[in-house]
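The following exercises concern a two-chain protein model.

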Amino acid sequence: MSKSYDLAILGGGPGGYVAAIRASQLGFNTVLIDKDNLGGVCLNWGCIPTKSLLKNAEIFDLMKNHSADFGISIQGLSFDFSKIIKRSRDISEKITKNVELLIKKNKVTRIRGFGKLSSKNTIDIFDESGKVTDSINAEKIIIATGARPKNFPQIPVDYKKIVTSTEAMNFSTQPRDLIIIGAGAIGIEFAYFYSVLGTKVTIVEMLEQILPVEDKEISETLLKSFKKRGIEIYTSAKVEKAEVKGDEVFVSILNEGKKIELKAEKVLSAIGVMGNVEGFGLEELGIEIEKNHIKVDKQTYQTNVEGIFAIGDVIGPPWLAHVASSEGIHCVETIKGLSLQPIDYDNIPGCTYCIPQVASVGLTEQKALDAGYKLKIGKFPFMASGKAFAVGEREGFVKLIFDAKYGELLGAHIIGPEATELIAELTLAKSMEATYESIVKTIHAHPTLSESIMEAAANAYGESIHI
Amino acid sequence: MKVDIVMPKMGESIYEGTLIKWHKNIGDRVKKDEIIYEISTDKVDTEIPSPEDGVLTEIRVLEQDTVAVGTVVAIIETNGVQVESKSEELKKEVQTAKQVDNEVIEIPMPKMGESVMEGTIIKWHKKVGDKVKQDEIIFEISTDKVDTEVPSPVDGTLEEILFVENDTVAVGVTVAKISTGNISASTQTKPTSIEPAKEKKLDNSIPQTTNNKQLIANNSQLTNKFYSPLVLNIARAEGISIDELELIQGTGIGGRLTKNDLLNYIQKGRSGATTTSNVGIMKTDKVQRVEIMPMDNTRQRIMEHMIKSKDISVHVTAVTEVDVSKIHYFLEKNRDSFSKEGVKLTYLSFIAFTVVKALKEFSLMNASIDGKNILIKKYVNLGIAVAVEPNGLIVPNIKKADEKNVRGLAKSIADIGNRARTKKLVPEDTMDGTFTITNYGVFGSLFGTPIINQPEVGVLGVGAVTKKPVVIESGGLDSIAIKPMMYLSLSHDHRLVDGMLGGKFLNFVKNTLENFDISII
């Protein structure tokens, strides 16, 4: 006799495990199924381990390039690459264990194994060898199986020389040179990390700017900063072929009509992700899949099959951990029958953790113009911030985009120190429908970097004090 | 699994629904899509099916209760375990709840007359939580016909206000609830779950009250609502007052009005809310040269009636001049003695008496049109237009005016005038009129072109009495004399009354007034 649950969740990433805890809080008898450690890509092979690596890079960058600015001299500065990697792996391991504890504390049943839907209410559990070990019943099922790096035929990933982000954060030795294909957040973060450690990095981006989703001005500022670091960057560049020959990978690109041949010890393919939709019995149940992602109703997250829901990366962009978590909570609350406002997909912050950091929420200047708004734009450079001066991080600026008609904050873009932390204020401002006055009239502590936000808002209306 | 059943949102501008009937009881098994209850809303009545198979374990809202959209009304256990045993107990609890409910008196929109189907709440004199005495005024309404004040039928506490000021509500619909017991308006209780407890009886009776409370809180604390800076900016830019904002239902966290709510409202021509504001808060435009003032209910009705009359009738106006010397000197002499008797004798009393006589003579003036038929009234209900300060006009009529003499008419005129000014008219006073007199002469006007009070076919305008030099003929000799003169203007509906009849009618009135038989008074 198989066990019965109110709710089964397939996949223990930031979508699935968060949904499981919320479900348990709401009184659902919940089971969470994942073959690996909990936390998904985010905690195991994404957000957290890369943030650990980037901190190493940041410290080394500061010591190597800026210690003299602070009157500190360091002789014989060096690092142990394997220890850098180990620190990242250790953090990942500990944090996923904490999630297991959290799940236990919340009385969610945890099944380690590969789950496959055999009917709309049954999930069979397989072990690594493919043997059925268990079968459970559930009234409702949430699929939160996430996504994996996308493959393209021109870039044949072999997980050794041509790799994905998973391998790139776990190399046994530091590559001498590295070509990164794709200048989204993942590509950019690895570029910063390896270039600081001394790897010769080349970035190839198909679109016309790096960090294509970000505001053009931000992207251009980052481009300059990266070029200054010695990172070679090709935008509007199409990869025609990548092949491994001996110890090297050769990459042919077409850049502004010119053929360019690049070679490096390793190539990182960071050109997007695709949903994990295969092997879970979805096709057999007739669950609608579109472009490698499960199609859902974005009010309820229900698929076309009643009682089966899907959240997170497996339902498509924006492929962000915080969005998956939010969708998980929303989905479970909807099942509970709570009356909810749908998630506002126009108010999702995005962060890139290179130096200078990049963070944004809402519309870029171009998108706001395309949407027909008349704009009031305010900018404030960290160069003019006392705090930035004091801490020696004067690169970058805050750019706020307001609708001239009603004063609505349409978009906020920050490049510079602690940008990823600073963006929270603006996300809240947006969700609370704050206007420029709200920001300007809110007292910001001095000296802080956050004053730059207040100044940028004031600047949009010609009231900035410090520029 | 416990699944909450909520009051569904039945349409864009619907924010609450009244639970009319439960089709299932606690403990009943329900199939998915089986009807569990019926609701009635502003727009539609509908049956609500179960979203799941299961057992109805909890009912939180009783029949006839009105709750906000999104309120949990019941809970279904989809596993259906260990529920049946508790159903009896829960049933009892619900019954108890009903008994408690019986102490709450519902105050409906009163029926103010045969053809009056709805009324607009103009003003609440009491707020939720206020103690009310029997016969104490709790709110004021305005209808098609009259404005009036509605007193409380009992002593008690105003528990709930279901409609805000300026809402128009159908007759018979509950607009407020008065509790005769001691249920405190501020009671807050956690919603119950199915976990049984003996002491639960009281508990179970309160959640629905609590839900209702939230509804009032929304209604009565409107001025404390939070509006985001952006919403306020948009309101300012679009010329929307705070009062108008308060009429728009928010969909944000905690019912907050969001940017999108407001933009949608504006896009829909600002009609999405319950009614347009008619509170007298004014707003000035950018250069502050134009004051924009929303019309109050009375003004809107007058506007509608005037346009309607001009649309229906073909107005023609004829004017005559009357020498009122006889009446003038009679009044001069006798006004005091009459006023000692409590009769306020005026020109209007004589004119009214004369008009009644004329209507008897020319019955086609005392008629109305019904399709291709003419309805000739065998009685005279004589309408007298009464100006009501500061900005109103109403036409009550004197019933059976043809059975009254001059004194009787004088008393009736004074009576309906007083009652119109003090809002004491009853709807019957304004219904079934057959002809109207309007006395703009009291404001000094010499003559005007009055508008017919539908469905009548004539209206007589009375101008001011002024002394004038007139030519009189006596014994074949013309001479000039000073006489008190008055213009009368008759607007008649040319569809039915032609110039000949109008002229004859007017001339009859003139001659009768000039040669008034004073002995009959």
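In chain A, buried residues make up 52% of the 467 residues, where buried means under 20% relative accessible area, exposed over 50%, and partly exposed in between (1.4 Å probe, protein chains only). This is a predicted model, in which local features need pLDDT of at least 70 and side-chain atom pairs count only at pLDDT 80 or more, while totals for chains, interfaces and linings use all residues. Residues are numbered from 1 along each chain as its sequence is written, chains are lettered from A and ligands numbered from 1 in the order in which they are written, and side-chain values use heavy atoms, with hydrogens and water left out.

**Exercise 1. Describe the overall make-up of chain A.**

Step 1. Chain A has 13 helices and 24 strands; helices (H or I, at least four residues) and strands (E, at least two) are DSSP runs, numbered from the N terminus.

Step 2. Consider the contacts in chain A with a separation of 6 or more: residues 24 or more positions apart account for 62% of them. Contact means heavy atoms within 4.5 Å.

**Exercise 2. Characterise the interface of chain A and chain B.**

Step 1. On the chain A side, 22 residues are in contact with 26 residues of chain B.

Step 2. The two chains bury about 1,900 Å² between them, 48% of it on carbon and sulfur atoms. Buried area is the accessible area (1.4 Å probe) that two parts lose on being put together, summed over both.

Step 3. Between chain A and chain B there are 4 salt bridges, a salt bridge being a side-chain nitrogen of Lys or Arg within 4 Å of a carboxyl oxygen of Asp or Glu. Glu238(B) and Lys405(A) form a salt bridge through their side chains, at 3.8 Å from N to O.

Step 4. Strand E1 (3–10), strand E6 (132–143), helix H8 (321–336) and helix H12 (436–440) of chain A each supply at least two residues of the side that touches chain B. By class, that side has 7 nonpolar, 6 polar and 9 charged residues. Here Ala, Val, Leu, Ile, Met, Phe, Trp, Tyr, Cys and Pro count as nonpolar, Asp, Glu, Lys and Arg as charged, and the others, Gly among them, as polar.

**Exercise 3. Which parts of chain A are linked by the salt bridges of Arg22(A) with Glu333(A) and of Glu189(A) with Lys51(A)?**

Step 1. The side chains of Arg22(A) and Glu333(A) meet at 2.7 Å, N to O. Arg22(A) lies in helix H1 (residues 16–25) and Glu333(A) in helix H8 of chain A, 311 residues apart. Glu333(A) is buried, at 14% relative accessible area.

Step 2. In the salt bridge of Glu189(A) with Lys51(A), the closest N and O atoms are 2.9 Å apart. This pair connects helix H6 (residues 185–197), which holds Glu189(A), to helix H3 (residues 47–66), which holds Lys51(A), across 138 residues. Glu189(A) is buried at 8%, whereas Lys51(A) is partly exposed at 25%.

**Exercise 4. Which strands of the open sheet in chain B stand at the edges?**

Step 1. The open sheet has 4 strands in the order E1-E8-E6-E3 (chain B), with antiparallel pairing.

Step 2. Strand E1 (2–6) and strand E3 (29–30) of chain B each have a single partner strand, so one side of each is left without a neighbour in the sheet.

Step 3. E1(B) pairs with strand E8 (residues 72–77) of chain B over 5 bridges, and Val72(B) in E8(B) is the bridge partner of Val6(B).

Methods
Pairing = 2+ DSSP bridges.
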